Amino acid sequence: MAEPPLVELDDVSFAYSQGSAWARVRTPVLESFSLQIAPGEMIGLVGESGSGKSTVGKLCLGLMRPESGQVRFTGTPMRRQRPGTLSVVLQHPQTSLNPRLTVERSVAEPLALARADRTGRRERVLQILEQVGLDPSFAQRYPAQLSGGQRQRVSIARALVTEPRFVLFDEAVSALDVSVQAQIINLIRSLQDVHRFGAIFISHDLRATRYVADRIIVLQAGAIVDEGSAHRFYEPAKHEYTRKLQLASDI
Ligand SMILES: Nc1ncnc2c1ncn2[C@@H]1O[C@H](COP(=O)(O)OP(=O)(O)OP(=O)(O)O)[C@@H](O)[C@H]1O
Ligand SMILES: [Mg+2]
């Protein structure tokens, strides 16, 4: 039998609701939305602000439930996963790291939550720091003593230290300088080669996305309007909206 998708959204509808019971504001975002991510596959999710990219990501992490349809992880309905199985790297490394914890403690925290064996934790932390390009002297620093790019390396180390099966990168490079962006994108690619996690890489920038992703999905107002192998996005797209995104990314 073929291996089931790592993460699957099957005919999912989702709306945010705000306000009180008698004055509820409903914002529908996704309707009959389906997506399959294969084990080890990196999906690029692009589309303008508000198109629903982060919503798709949060549903894939099981952080929210759909109104209808199914979210599955390795073929079974998404439940609370063992800590460390699903990870996320967000845009702002300033706010995603606890300023009071040293790098070592920040990176070790998910191992504690996942109840990893206490012995060997320190070695595991130093090993993942090395893999993200930080030498052992960084272990005792605090976030305030790091550059933006270094903080994002720590966030990535924290996300990967438990060997997750699926990682959401939600605008993980968007707040960085262009040259640092390129370094972090290269890092994500090389880490994915080693760790083989499945992932969604969300970005406004099609240039970055096509470099890191295997397959690209273009979202417009909560619907998939274009989809294909990342190679295809090196050519001017036939689809009008994709072409617009390409031009916005200087392609
Ligand atoms: N917590 C929330 N409550 C109500 N509406 C929300 C909430 N989060 C997002 N939305 C709305 O849902 C829609 C999709 O939002 P989402 O965050 O998924 O977009 P996005 O593609 O990630 O945008 P961006 O590129 O700006 O991050 C938008 O219209 C947004 O205003
Ligand atoms: Mg978003």
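**Ground rules**

I call a residue buried if 20 or more other C-beta atoms lie within 10 Å of its own, exposed if 12 or fewer do, and partly exposed in between, with C-beta atoms placed from the backbone. I am working on a predicted model, in which local features need pLDDT of at least 70 and side-chain atom pairs count only at pLDDT 80 or more, while totals for chains, interfaces and linings use all residues. Residues are numbered from 1 along each chain as its sequence is written, and chains are lettered from A and ligands numbered from 1 in the order in which they are written.

**Entry: Gln220**

I started with Gln220, which sits in strand β9 (residues 215–220). My helices (H or I, at least four residues) and strands (E, at least two) are DSSP runs, numbered from the N terminus.

Leaving out residues up to four places away in sequence, Gln220 touches Gly47, Ser51, Val225 and Tyr241. I also looked up Arg82, 138 residues from Gln220 along the chain, and found the two C-alpha atoms separated by 33 Å.

**Entry: around ligand 1**

Gly47 and Ser51 turned up again in the shell around ligand 1, which also includes Tyr16, Gln18, Thr27, Val29 and Lys53. A residue is near the ligand here if its C-beta atom, placed from the backbone, lies within 6 Å of it. Which elements each supply at least two residues of this shell? I found β1 (7–18), β2 (25–37) and α1 (53–60). The largest share, three residues, comes from α1. By class, I get two nonpolar, nine polar and one charged. For these classes, Ala, Val, Leu, Ile, Met, Phe, Trp, Tyr, Cys and Pro count as nonpolar, Asp, Glu, Lys and Arg as charged, and the others, Gly among them, as polar.

**Entry: helix α4**

Next I went along α4 (residues 121–131) and found Val125, Ile128 and Leu129 buried. Why do they lie on the same side of α4? They cover an arc of only 105° around the axis, the arc being that of the directions from the helix axis to the C-beta atoms. An α-helix has 3.6 residues a turn, so residues three or four places apart point the same way. Glu123 and Gln127, on the other side of α4, are exposed. The cover over the buried residues of α4 includes α3 (103–113) and α5 (148–160).

Arg122 also lies in α4 and counts as partly exposed, with 13 C-beta neighbours inside 10 Å. I checked Arg122 against Glu104: they are 18 residues apart in sequence and 7.9 Å apart in space, C-alpha to C-alpha. Just after α4, I noted Gly133 with a positive phi of about 85°.

**Entry: helix α3**

In α3, I found Val103, Ser106, Val107, Ala108 and Leu111 buried. These buried residues of α3 pack against α4 and α5. Val107 is worth a look on screen: its contacts, not counting residues up to four places away in sequence, include Val125, Ile128 and Leu129. Val154, Ala157, Arg158 and Val161 are also among the residues that Val107 touches. Just after α3, Arg115 takes a positive phi of about 55°.

**Entry: the largest nonpolar core**

A nonpolar core is a set of buried Ala, Val, Leu, Ile, Met, Phe, Trp, Tyr and Cys residues joined through C-beta atoms within 7 Å. The largest one has 68 residues, and those with the most contacts inside it are Cys60, Val107, Ala157, Phe169, Ala199 and Ile200. Which helix gives the most to this core? I found α5, with five residues. The core draws at least three residues from each of domain 1 and domain 2.

**Entry: the two domains**

The assignment gives domain 1 (1–82 + 166–172 + 198–251) and domain 2 (86–163), with bounds from an automatic or database domain assignment. Their C-alpha centres lie 26 Å apart. The contact takes 11 residues from domain 1 and nine residues from domain 2. On the domain 1 side, I read six nonpolar, two polar and three charged residues.

Thr74 is not a glycine, yet has a positive phi of about 45°. I placed Thr74 in the loop between β4 (68–73) and β5 (76–77), and it is partly exposed, with 16 other C-beta atoms within 10 Å. Glu163, not a glycine either, has a positive phi of about 55°. Glu163 is in the loop between α5 and β7 (166–170) and counts as partly exposed, with 15 C-beta neighbours inside 10 Å.

Key. Contact = placed C-beta atoms within 7 Å.
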